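Open the structure in your viewer and keep the selection panel at hand. This tour goes stop by stop: what to select, then what is there.

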Amino acid sequence: MNHSSPFGITRRNLLLGSAGLAGSAVLTGCVGAGAGPAAQPSTGTGGGTPAEVAREVVLQSNMQDAGPRQALADVIGGVSDFDVTINTVATSQFRAQLPTYLTSNQAPDVLTWYAGSVTNSFAEEGLLYDVSELWESGNASGFSDALKDLSTYDGRQYFVPTNYYWWALFHRTSSFEEWGVSAVETWDEFMGLLDNLQTRGVAPLTTGLANNAWMAAAWFDYLDLRVNGADFHRELLAGQHSFNSDEVRAVMARYAEILPYFHPDSLSWDPQQAAAPIARNEAAMYLVGTFATAYWPEDQQSDLDFFSVPTIDPSIPSAEEAPTDGFMVAANARNPEGGKAVADYLASAAAQQEFIEKAVSPNLPTHPDVDTAGFSPLIQKGLELLNGTDQITQFFNRDSNDELQGTADTALMRFINAPGDVDVILADWQTAAEQVFSQ
Amino acid sequence: MSTSAPPATAAAPGEGRRPRRSRLGRRVPPVVWFFLLVPLAVELFWVFWPALNSFWLSTTTWGGVGVAEPVGTANYERLLADPIFRTALWNNVLWVFGFGGLSVVGGLALAVALNQPRRFVGVYRTVIFLPMVISMAVTGLFWRIVYAPGGPVNNTLELVGLGHLQQQWLANPDTALGAVLVAAVWRQVGYIMVLYLAGLKGCDPSLEEAAAVDGANAWQRFWRVVMPQLAGVNTVIFAITVIDSLRTFDIVWVMTRGGPFNQSQLLSTYMFEQAFSYVNLGYASAIAVVIFALAILFIITYVARQARAEEDDL
Amino acid sequence: MTALSHAGRRRRGLGGTLAFHTILTVVCLLWISPIAFVVLLSLRTFDDIALNGLGAFPTSFTFAAFPEAFRSGGVGRGLWNSLIVTFFVVTLTLALASMAAFALSRYRIPFRRTILMLMLAGNLLPPQILLIPVARIAQGMGIYDTLTAVIVVQIGFGLGFYTFVLYGFMRGLPKEVFEAALLDRCGPVQTYWRIVLPLCRPSLAALAALATTWVFNDLLWALTTLQSEAKFPITAALLNLQGAYASSWNLLAAASLMAAVPPALVFFAFQKQFVSGLLVGANK
């Protein structure tokens with residue numbers, strides 16, 4: 001090697017030196033080494049150390065859909081003690097950013113999220129602010145025990161549920177009248193209804209499985225609830241039963257029975273597109289959550305109705321899926337007390353009532369004092385459905401985790417593609433699930 | 001390792017200009033070091049530091065919060081046994097050739113065709129570039145409509161008497177990857193075309209004229225006169241194509257998300273799913289390292305050889 | 001010179017011209033069809049789409065989606081943020097990358113090939129995997145949740161690639177120009193500024209057009225380094241318009257068209273440079 005100038009060598013050494021510096025800095029770790037700088041409590045940004053609760057509160061929200069988004073903004077507009085800034089981030093990105101938000105030394109004060117395993121894992125890491133006080137003396141003190149269980153980690157509460165919604169078989173009243181059919185309660189009646197509709201040239205069922213097959217899990221959940229019951233379902237999703245068991249095989253047998261009744265294009269539709277054939281009277285029913293009401297045109301909103309997935313085994317206690325949404329407060333927030341106060345406000349009966357009235361999609365309140373008399377007939381019926389059921393679950397991913405949901409999407413789509421391969425599909429599903437649980 | 005050919009030996013055969021050239025290149029003025037080191041420092045800090053973090057994360061299990069748990073090579077062992085990873089890897093190999101090959105051929109053909117002073121070429125160029133400015137969300141929607149049952153592709157097949165070929169292109173595990181590939185090439189072609197157009201501007205038209213005078217036809221002129229002048233651009237485009245093939249993400253994500261049941265999964269989409277849907281950052285980092293290694297394999301061997309060949313020609 | 005060089009080529013017959021335009025018209029129709037689709041979609045009402053489906057021909061016609069999209073979801077603010085970020089990222093990245101490429105391509109810097117490969121190697125890792133470390137670094141530096149963070153991160157990430165591309169183009173510049181510069185006793189700065197940059201105009205313009213579309217369409221880096229919606233780029237606003245469950249596709253289409261205007265204009269402005277720009281060969 002022949003470097004023409006000693007100058008160059010010095011520079012090169014400098015260069016190597018700085019690279020080495022970067023390397024050693026990495027060894028100390030900038031990620032994965034705990035909460036990092038954010039672990040230290042931030043000492044008052046922008047001047048004043050907060051002896052009393054600061055006025056600025058940042059609300060990080062994943063309510064990107066127009067209706068709920070506007071409703072939240074309106075409800076927050078009623079907060080007078082705090083200046084609340086809402087940052088709306090699309091759900092898919094929100095999930096990815098949550099670890100960054102919560103570990104930041106300028107974490108948002110209060111964040112939308114849903115109850116379940118993810119929230120608990122954040123609580124376990126000490127990233128969530130204890131909101132037990134709201135459950136003792138705040139607006140959450142009157143919430144049901146089931147909701148309190150859902151919000152509790154290690155004896156303390158880290159979550160404030162403010163609303164939930166339900167899943168059911170949605171259809172249009174006028175279409176059912178036109179075809180001379182009505183809602184059914186037993187499986188045999190249901191199969192009869194599917195046959196009846198199909199002979200009329202109507203696709204009995206639709207769903208949207210394109211792009212992201214998570215909708216396929218809705219039928220799996222409900223059939224498992226109807227065949228094996230909610231207790232088995234929860235245990236299955238917690239890894240206590242095998243997906244390769246006879247119980248799950250029985251569920252898949254029911255799934256196979258209804259497969260021929262789906263509109264074949266369901267494979268190419270996203271969840272929203274699946275509503276259009278029902279709007280045009282070309283298809284009849286869609287097992288979906290209430291968020292889907294936003295899929296139908298304005299003039300069909302009052303025409304929408306639903307009924308529960310029919311009973312298969314009368315000896316199994318009834319159960320419905322009702323995912324719960326709410327708020328959590330970041331431990332690293334600049335103003336956690338302010339965040340807590342805003343969460344408390346959002347949990348109040350008045351705030352919940354306003355939110356439900358303004359959000360376009362039907363939601364149910366968690367506060368027992370909300371006056372439901374003024375809500376739409378659809379919401380009234382939803383309340384009735386959930387009040388009358390024995391057990392409540394959320395949804396596949398919320399009752400387990402997103403990664404197990406991924407194994408379900410894969411297995412169920414393979415099944416829908418080739419129902420005859422059920423044995424090998426369930427065996428593979430169990431292998432994949434074991435991998436998830438082993439982490 | 002010899003990066004600079006020692007001027008003293010003057011080993012390079014018969015180039016009379018060598019003394020002059022080495023005088024230009026030999027002494028490196030301080031300001032040139034400044035030119036190089038500022039960008040290099042920025043990149044080292046914002047890319048290499050986080051990249052080293054990711055390499056380190058690939059030997060851990062980490063859910064985005066708390067302390068990453070070192071697991072040694074467990075993530076890599078898991079990759080070997082992971083059927084989805086194997087599918088994604090194989091798809092990606094097909095993708096490098098299919099996506100890379102088609103977009104380079106298409107882009108080059110369009111660039112050559114549109115490098116002429118004809119009517120409307122500016123309009124044509126703009127139209128072919130335009131898809132790149134439309135947001136990925138609506139692009140994905142457009143392609144889902146194109147491939148939908150009753151969509152343009154199926155209707156066209158019906159029209160030309162190939163009705164039996166109609167299918168749900170993106171929902172069929174056998175056709176999903178190919179269908180996405182067409183959309184990806186469609187988007188990439190404009191980009192390759194732009195780079196080739198810029199490269200063609202550097203070609204010396206007098207050489208082509210001379211060849212034309214010598215009776216070479218258009219095809220011969222292109223391969224014997226124009227292509228050699230595009231060598232530098234070709235290297236660039238080769239590198240870009242390999243990088244993009246291994247990093248293609250958006251178009252797959254908006255069209256199929258790797259489905260149905262992972263049959264159109266690429267390494268980058270699988271990595272994204274692991275990293276951001278499941279927050280398995282350790283495992284996702286291991287996939288990223290594989291992508292990195294593949295890119296190195298494809299590029300460094302080729303580009304380094306290219307660069308060495310040019311080395312004596314400073 | 002241009003005219004002369006083309007006059008030297010063989011004249012094409014009418015048939016050739018016709019074939020050329022026929023083929024390119026078909027190609028262009030294929031390439032423009034998504035834009036036609038988006039335009040049609042943006043002019044439909046939500047209820048029309050909900051009833052007849054996305055792929056159906058419009059049965060409604062309204063411009064209402066444009067003002068509505070602009071008002072909701074911070075489209076206007078997002079456009080402004082994106083313009084600021086894009087301007088600084090594209091200008092600074094190309095400036096720095098052309099400096100590095102000039103140094104590497106024209107001077108015998110020790111290990112220059114290795115350095116070039118190293119800079120390129122920085123772009124071989126999928127960017128998604130760097131997001132979380134980058135967010136932590138930005139937090140550590142105290143620039144998290146600022147546009148500065150979005151800008152410097154994207155400069156850092158683009159540099160290796162642009163340097164590599166410009167290096168390729170600069171190697172292709174005729175040596176005689178540099179020899180002339182040396183004889184004229186031009187220093188490196190003058191050589192760079194007066195000779196290399198003008199000669200690289202086609203490639204710089206091409207890269208600027210491409211970089212603008214990439215930076216303008218970036219979503220990941222922005223959402224990684226930003227937390228406040230007031231600073232979000234247009235892409236984040238588009239994503240919010242899309243909805244988690246229900247998408248107002250007509251609004252999204254309208255907003256996408258508005259978002260497409262700036263990069264399209266930039267391409268239009270720059271294409272002159274790399275198409276009818278300086279002919280290197282003509283300088284001899």
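**Stop 1: a salt bridge between chains A and C**

Select A:Arg69 and C:Glu229. They form a salt bridge, with the closest N and O atoms 2.6 Å apart. The term means a side-chain nitrogen of Lys or Arg within 4 Å of a carboxyl oxygen of Asp or Glu. The count between chain C and chain A is one salt bridge.

Before going on, note that this is a predicted model: local features need pLDDT of at least 70, side-chain atom pairs count only at pLDDT 80 or more, and totals for chains, interfaces and linings use all residues. Residues are numbered from 1 along each chain as its sequence is written, chains are lettered from A and ligands numbered from 1 in the order in which they are written, and side-chain values use heavy atoms, with hydrogens and water left out.

**Stop 2: the rest of the A–C interface**

Stay with chains A and C. The rule finds 15 residue pairs in polar contact across this interface, both residues at pLDDT 80 or more. A polar contact is a pair of N or O atoms within 3.5 Å; within protein, one must be able to donate a hydrogen and the other to accept it, and residues adjacent in sequence count only if both atoms are side-chain atoms.

Now color the chain C side by element. Those giving two or more residues to the side that touches chain A are α3 (46-52), α7 (131-141), α12 (220-225) and α13 (234-242) of chain C. Helices (H or I, at least four residues) and strands (E, at least two) are DSSP runs, numbered from the N terminus. Which element gives the most to this side? It is α7(C), with six residues.

By class, the chain C side has 23 nonpolar, eleven polar and three charged residues. Here Ala, Val, Leu, Ile, Met, Phe, Trp, Tyr, Cys and Pro count as nonpolar, Asp, Glu, Lys and Arg as charged, and the others, Gly among them, as polar.

Show the whole contact. It takes 37 residues from chain C and 44 residues from chain A, where contact means heavy atoms within 4.5 Å. The buried area between these chains is about 3,300 Å², and carbon and sulfur atoms give 53% of that. Buried area is the accessible area (1.4 Å probe) that two parts lose on being put together, summed over both.

Pick out C:Arg136, C:Gln227 and C:Tyr245. These supply 22% of the area that chain C buries against chain A, more than any other three residues.

**Stop 3: chain C on its own**

Hide the other chains. Chain C has 14 helices and zero strands. Its C-alpha trace spans about 70 × 65 × 25 Å along the principal axes. Of the 284 residues in chain C, 63% are buried, that is, under 20% relative accessible area; exposed is over 50%, and partly exposed in between (1.4 Å probe, protein chains only). Among contacts in chain C between residues at least 6 apart in sequence, 73% join residues at least 24 apart.

Next, select the spans that an unreviewed UniProt entry lists as "transmembrane region": residues 20-42, 49-67, 79-103, 115-135, 147-170 and 249-270 of chain C. UniProt positions are given in the numbering used here, feature names are shortened, and annotations may be inferred rather than shown by experiment.

Look at two of them. Residues 20-42 of chain C are 100% helix, with end C-alpha atoms 33 Å apart. Residues 249-270 of chain C are also 100% helix, and there the end C-alpha atoms lie 31 Å apart.

**Stop 4: chains B and C**

Bring chain B back. The contact takes 112 residues from chain B and 116 residues from chain C. The two chains bury about 10,500 Å² between them, 75% of it on carbon and sulfur atoms. How many salt bridges cross the interface of chain B and chain C? The rule finds zero. Seven residue pairs are in polar contact, both residues at pLDDT 80 or more.

Select helix α2 (residues 30-57) of chain B. This helix gives the most to the chain B side that touches chain C, with 21 residues. That side divides into 75 nonpolar, 16 polar and 21 charged residues.

**Stop 5**

Most residues other than glycine have a negative phi. Two residues here have a positive one.

- A:Asn281 has a phi near 65°. The residue sits in the loop between α12 (276-279) and β9 (283-289) of chain A, and is partly exposed at 22% relative accessibility.
- B:Phe261 has a phi of about 30°. The residue lies in the loop between α12 (250-255) and α13 (267-277) of chain B, and is buried, at 14%.

Finish at A:Ser268, in the loop between α11 (246-258) and α12 of chain A. A:Ser268 is buried, at 12% relative accessibility. Leaving aside residues up to four places away in sequence, A:Ser268 touches A:Ala210, A:Gln273, B:Arg144, B:Pro149, B:Gln168 and B:Ala171.
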